[in-house]
Amino acid sequence: MSVDEAKKEAVACLKKSIEGKVFEYPIYFDIENKTQLALSEDLLQKITIAFCNEIEAAGYWVGIYSYKSFLEATFTPEILKRYAVWVAHTGVTQTNFQYPHGIWQHSHTGKINGINTNVDLNYGYIDYPKSMKAA
């Protein structure tokens, strides 16, 4: 809910979850909580940048995850081009999200044999393992 909290959350994420580990996909900042929707666009951008910069400073590839309309309404093109983007846009056969994105979540009610609950279904457009190793 604040820049300071975002930095603390990033540090906690690093210390408790990811520090010292190697990943083949970016670490995504999931920003879609209903309480965050009441915040100004300016503050939401600052919160996102604060979290992403902390993770990136620790040597990780970082991105933003949220739903299409929120991403488009909240973030500047510079931010959406600066970080990896994973866009959720369900109920359509093809997303028309207007900014570069490496992953598109096309369903949150997918079915997979052997899993007895709904699952998210995504399309990946970037070979992140290869891109991240090269970087």
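Student: Is Y125 buried, partly exposed or exposed, and how do I read that?

Tutor: Go by relative accessible area: under 20% is buried, over 50% is exposed, and partly exposed lies in between. In this predicted model, Y125 has 42% relative accessibility, so Y125 counts as partly exposed. You'll find Y125 in the loop between strand 5 (119–124) and helix 5 (128–134).

Student: Which residues form a nonpolar patch on the surface?

Tutor: Y123, Y125 and I126 make up that patch, and together they have about 290 Å² of accessible area.

Student: Now helix 2. Is T48 buried or exposed?

Tutor: Same cut-off: buried means under 20%. T48, a residue of helix 2, has a relative accessible area of 0%, so T48 is buried. Setting aside neighbours within four places in sequence, T48 touches F29, I31, I64 and F75.

Student: How many bridges join strand 1 to strand 2, and which way do the strands run?

Tutor: Four bridges link strand 1 (residues 27–30) with strand 2 (residues 62–67), and the two run parallel. In that pairing, F29 sits opposite I64 of strand 2. The chain gets from strand 1 to strand 2 by way of helix 2 (residues 41–57), a right-handed β-α-β crossover.

Technical notes
Residues are numbered from 1 along each chain as its sequence is written. This is a predicted model: local features need pLDDT of at least 70, side-chain atom pairs count only at pLDDT 80 or more; totals for chains, interfaces and linings use all residues. Side-chain values use heavy atoms; hydrogens and water are left out. Two strands pair if DSSP finds at least two bridges between them. A crossover is right-handed if, with the strands pointing away from the viewer, the path from the first strand over the helix to the second runs clockwise. Buried means under 20% relative accessible area, exposed over 50%, partly exposed in between (1.4 Å probe, protein chains only). Contact means heavy atoms within 4.5 Å. Patches are made of residues with over 30% relative accessible area and no salt bridge: like charges are joined within 9 Å, nonpolar side chains (Val, Leu, Ile, Met, Phe, Trp, Tyr) within 5 Å. Accessible areas come from the Shrake-Rupley method with a 1.4 Å probe; for residues, only the protein chains shown count as cover. A salt bridge is a side-chain nitrogen of Lys or Arg within 4 Å of a carboxyl oxygen of Asp or Glu.
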